[in-house]
Amino acid sequence: MTIGWGILAPGDIAHQFATELALVPEARIAAVGSRDLGRAEAFSSRFGGTPYGSYAELVEDPAVDVVYVASPHGVHPEHTRLAMAAGKAVLCEKPIAISADEATALFAEARDRDVFLMEAMWTACHPLIRAMLGHLAEGRYGEVRQVSARLGFVMRPDEDARLFDPALGGGSLLDMGIYPVTLATLVLGDPEATTALATLSDRGVDLDIAIAARYASGAVAALSSSMTACLANTATIATTTGHLDLTQEFHHPTSIRWTPLERSDASIPPAEEITGDEPIIGEGYGNEILEVHRCLAAGRLTSDLVSPEQSIAVLTQLDRLRQQAGIEL
């Protein structure tokens with residue numbers, strides 16, 4: 001059965017999403033909604049779907065099975081609720097909300113309305129990440145002791161004004177830092193202690209942030225994000241027997257390489273590239289779309305790959321980190 005997608009807010013990320021949606025079997029864009037009908041029509045002419053000049057019209061279209069919410073962070077709850085009230089399944093861009101409390105309320109409402117809801121954290125759906133996590137859980141690469149990850153780009157207000165607007169959930173932590181935090185959480189679970197230092201703009205959004213975390217196992221993590229520096233955008237997971245390197249860009253890696261300790265030990269796997277159980281679709285958006293399709297086909301209201309518990313746990317950490325760094329939204 002072909003699944004009809006509705007695109008809510010046709011900005012840059014929606015264009016990337018739609019490009020990869022075209023690569024997923026049994027997926028089509030049924031409609032696109034914008035507060036500016038002209039923008040919806042321009043998007044529709046490129047990707048298809050009925051254009052609407054309001055989000056309310058979009059979510060009421062009977063051809064739409066799932067709404068992809070691609071609006072700015074600060075209005076994710078409002079737009080997710082609009083779609084759920086119309087009985088639509090929702091895939092909401094990360095972060096699904098600005099705070100853990102807001103996310104908890106959204107998932108509770110989805111459960112009450114009996115509709116599917118998932119945060120669009122493509123990293124957790126990526127075939128290479130999933131395969132790596134499986135190997136780590138089995139102990140193939142030893143015990144994880146450190147995770148380091150950084151993601152950052154030089155951004156200017158004239159390029160993406162929302163990133164510099166506290167009312168829209170701006171700042172590097174929610175937009176970029178969520179990925180290092182998510183990776184560390186996928187690998188090590190919730191931290192038992194964190195600390196964060198940030199440099200803030202004159203409007204109070206974080207331009208740069210550095211995070212340190214410690215976990216119950218004794219492992220530690222060093223994480224960072226930036227809107228003023230071109231970071232390497234790579235990650236390393238160091239274990240008792242070697243290290244895993246996630247290449248640019250680690251949140252949707254093209255490769256993950258295992259390098260063992262330089263000593264002869266038959267119990268340590270030799271150097272190898274990790275392979276996934278399914279192909280990477282596009283740059284990875286296609287794999288999270290495929291996960292939504294799997295969940296809908298199974299009649300599920302949530303995803304195991306990006307569970308409500310995982311989304312809320314990450315946002316709980318981001319709430320604490322913002323407080324520690326003096327970031328107010």
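This is a predicted model: local features need pLDDT of at least 70, side-chain atom pairs count only at pLDDT 80 or more; totals for chains, interfaces and linings use all residues.
Local features here need pLDDT of at least 70 and side-chain atom pairs pLDDT 80 or more, while totals for chains, interfaces and linings use all residues. Residues are numbered from 1 along each chain as its sequence is written, and side-chain values use heavy atoms, with hydrogens and water left out.

Student: Which elements give two or more residues to the lining of the largest pocket?

Tutor: A pocket is an open set of points on a 1 Å grid over the protein atoms alone, where a 1.4 Å probe fits, with protein on both sides within 12 Å along at least five of seven lines; lining residues have an atom within 4 Å of a point. Of its 38 lining residues, the closest to its centre are Asp12, Ile13, Asp160, Arg162 and Asp175. With helices taken as DSSP runs (H or I, at least four residues) numbered from the N terminus, the elements are helix H1 (12-21), helix H4 (76-85) and helix H8 (172-188).

Student: Which helix gives the largest share of the lining of the second largest pocket?

Tutor: The second largest pocket has a volume of about 210 Å³. Its lining includes Leu290, His293, Leu296 and Ala297. The largest share, four residues, comes from helix H9.

Student: Is histidine 126 buried or exposed?

Tutor: Histidine 126 lies in the loop between helix H6 (122-125) and helix H7 (127-138). Its relative accessibility is 1%, and the cut-offs are under 20% for buried and over 50% for exposed, with partly exposed in between (1.4 Å probe, protein chains only). Histidine 126 therefore counts as buried.

Definitions and conventions. Grid points are joined across faces, edges and corners, and a volume is the space filled by probe spheres set on the points.
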